[in-house]
Amino acid sequence: MTEHATSPTVERHAFEAEVSRLLHLMVHAVYSDKDIFLRELISNAADACEKLRYLSIAEPALAAGAEGFAITVTADAAGRRLVVADDGIGMSRDELRDNLGTIARSGTKAFLDGLEKKEDGGALIGQFGVGFYSAFMVADRVRVVSRRAGSDEAWAWESDGKGTYELTPVPLEEAPVRGTRVELALAEGMETYAEAATVERIVRAYSAHVPVPIRFAEVGRDEVRELADGSALWAKPKASATAEEYREFYGTVAQAWDEPALTLHYRAEGRHEYSVLLFVPSEKPFDLFDPARKGRVKLYVRRVFITDEAEILPGWLRFARGVVDSEDLPLNLSREMLQKNPVIEAIGKGVTSRLLSELAKTADNDADTYAKVWAAFGAVLKEGLYEAPERRDELFRIARFRTTTAGEAWRSLADYVKDLKENQTAIYYALGESREAVLASPHLEGYAARGLEVLILTDPVDAFWVRTALGFDGKPFKSVTQGAADLDAIAKPEGAPEEAGAAEVAALAALLKEALAERVSDVRASARLASSPVCLVAADHALDKLTEKLVARQEGGNRGLAPVLELNPAHDLVKALAAKAVGGGADAVREAAVLLHGQARILDGEAPEDPATFAAAVAKLMRAQLG
Ligand SMILES: Nc1ncnc2c1ncn2[C@@H]1O[C@H](COP(=O)(O)OP(=O)(O)OP(=O)(O)O)[C@@H](O)[C@H]1O
């Protein structure tokens, strides 16, 4: 490869100090992944094509004879060589010297300084690459033959990466007609990079969406295969992309084969420029509730894949799949730069807003499709209600609920508020393990009797957001199993049975409270019930009952306030007991206390606190019944 080295026109140059440092690091550090060198070379080749593509708009002669641009990767397994060639802009002698002998970008210098201080610097290089020089991770010698578009000179740059490089003129017949050929003499142990399977794998993994076609040839074989067709779908204008292309792309990017419920494709311009092509699947992926809750949006920088771990979108949008392609970010992003990068954060905010407004549009215009999205991902979106309070209004707008009065229809909070009953000032909700369990709960009777709508909340996440949400449209959220049910202001159902007198009920409540001692924090009459005699509710300032259960499960032990036993003063049993309470039947009331309390617990899906005593009381009652 170095036959020109003895020619009198050979110029030998020393690398700039920084380049030597970089090369030293490349060769001596331990790399996590050398594959990225090919991504870097292909990225440079694609950039060169894009540059010429742009220049030739004004000056078509520059790209004369080209039928579009292409990158050709040629593997020579026998010769242990790999060549990456492009027909892009090319480099003059001075450009070869300036670009491949120095580090022009201050970002790389800073990166380098940071890198040398770290023990795992090598791993960072391996992961993100630092451009052309990464070729020395796999090659002993690198030769770059280039002919600048429009020039009638060609030059070769060659180096073993150990301090110096040589520049040599090359006869035009040995040079590309235009563009650059990077020839790698692979180091020992790096033979795999001259094998078809390896090259193909790397190109598909990293460069499948580079905006220039990538062809692959093998020395000794005629066949030339296209590994990538050069169309970055997201970079195309929306009008020219077909539904079929979107579907295919969704399949590869999401590894999913359902029909996406929503496709979001746009280009943002202004402070940050980026393209977005995102999909909302219509089916739940199996790992949606994976504790890592990772997003799957791929970050590209100028059509070059960077990472799918940038967490561009918040965890509560992790079901979205696709690509964000930034024009502004540098290609060599380190992991640290990814984490607190203001550009990525700004992009994330912009994409989040856009996705939420698209979801809102779908909810308004295509309720059936939206119902699928909500059924699959509503539980995830609701995480945003407490994780991102600043997004709460947007999320409330797209949140949908099952309610006690709407049957199979999904209701929005706006629907709910529009249909409030006279004097209703709160949005009522019932937490439960399932819809059936909630509907069977006695706590809802008084609401049902008054025709009040109650949101049925059965996702584990519901217990968390309702606690932090202040309300919607000025109406607070109120649990039907917590606190006093202030239903008195709301018209009672027609023909409701007469209630026991307040004084009698108060006497009954006092006796029961005494008998139940620390099992209850209070006993009181309530409008919550219609057909059941009693129920248990959470005390006014305690957590909702289901929340309490969840917290107890997490923190161990039940540390909540004892519940309140509520009495239905219109129920025959309560009326009879109230009469006993004021009529010298205190003992009978005390005996009934255990049964009432146990029964209320059973209706909540729990065992009586002291099952043996409860069972004995039931047996005694049955015996008495039999006479
Ligand atoms: N195939 C090529 N054709 C034309 N110019 C090239 C080619 N490869 C590299 N260059 C020139 O060499 C410069 C340095 O390349 P290098 O890969 O080190 O950095 P970069 O491409 O600018 O940065 P990065 O790869 O991190 O985006 C490039 O900016 C480009 O001007």
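**Loops, strands, ligand shell and cores in a predicted model**

Arg80 sits in the loop that links strand S2 (71-76) to strand S3 (81-86). In this predicted model, Arg80 adopts a positive phi of about 50° although it is not a glycine. Arg80 counts as partly exposed because it has 18 C-beta neighbours inside 10 Å, while 20 or more would be needed for a buried residue. Glu311 is not a glycine either, yet has a positive phi of about 45°. With 18 other C-beta atoms within 10 Å, Glu311 is partly exposed.

Strand S5 (residues 154-159) is largely enclosed by the rest of the structure, because 6 of its 6 residues are buried. In a regular strand, side chains alternate between the two faces of the sheet. In S5, Ala154, Ala156 and Glu158 lie on one side and Trp155, Trp157 and Ser159 on the other, and both faces are covered. Strand S4 (residues 139-147) pairs with S5 in the antiparallel sense over 5 bridges, and Val144 stands opposite Trp157. The hairpin formed by S4 and S5 has 6 residues between the strands, and in its turn Gly150 has a positive phi of about 90°. S5 is also paired with strand S6 (residues 164-170), again in the antiparallel sense, over 6 bridges. Here the bridge partner of Trp157 is Leu167. The hairpin of S5 and S6 has 4 residues between the strands, with Gly161 at a positive phi near 75°.

The ligand comes next. Its surroundings comprise 18 residues, of which Asn44, Ala48, Asn99, Gly131 and Leu331 are the closest. Helix H2 (36-58) and helix H3 (93-101) are the elements that give two or more residues to this shell. The largest contribution is that of H2, with 5 residues. Sorted by class, the shell holds 8 nonpolar, 8 polar and 2 charged residues.

The largest nonpolar core has 124 residues, and Ala135, Tyr429 and Val454 have the most contacts inside it. The largest share of this core, 10 residues, is supplied by H2. Leaving aside residues up to four places away in sequence, Tyr429 touches Val454, Leu455, Leu457, Val466, Phe477, Ser479 and Val480. A second, separate core has 31 residues, including Leu512, Leu565, Val589 and Leu596.

Strand S16 (residues 427-431) runs parallel to S18, and the two are joined by 3 bridges. Across this pairing, Tyr428 of S16 stands opposite Lys478 in S18.

Two helices, H9 and H10, can be described together. Helix H9 (residues 342-365) has 24 residues and reaches 34 Å from its first C-alpha to its last, close to the 34 Å expected at 1.5 Å a residue. Its buried residues are Ile344, Ile347, Gly348, Val351, Thr352, Leu359, Thr362 and Ala363. Helix H10 (residues 367-381) contains Trp374, whose C-alpha atom is separated by 9.2 Å from that of Ala363, 11 residues apart along the chain. Trp374 counts as buried because it has 22 other C-beta atoms within 10 Å. Not counting residues up to four places away in sequence, Trp374 touches Arg400 and Trp410.

The 15 residues of H17 (residues 502-516) should span 21 Å at 1.5 Å a residue, and the end C-alpha atoms are 21 Å apart, which agrees. Buried residues of H17 are Glu504, Val505, Ala507, Leu508, Ala509, Leu511, Leu512 and Ala515. They pack against strand S19 (522-525), S21, helix H19 (572-582) and helix H20 (586-603). Just after H17, Ala517 takes a positive phi of about 45°. In strand S20 (residues 534-537), Val534 and Leu536 point one way and Cys535 and Val537 the other, and all are buried. S20 runs antiparallel to strand S21 (residues 564-567), to which it is joined by 4 bridges. Within S21, Val564 is the bridge partner of Val537.

Conventions: Residues numbered from 1 in each chain as written. Predicted model: local features only at pLDDT ≥ 70, side-chain atom pairs only at ≥ 80, totals over all residues. Buried ≥ 20, exposed ≤ 12 C-beta atoms within 10 Å, placed from the backbone. Pairing = 2+ DSSP bridges. Expected span 1.5 Å × (residues − 1). Contact = placed C-beta atoms within 7 Å. Near = placed C-beta within 6 Å. Nonpolar A, V, L, I, M, F, W, Y, C, P; charged D, E, K, R; others polar. Core = buried A, V, L, I, M, F, W, Y, C linked by C-beta atoms within 7 Å.
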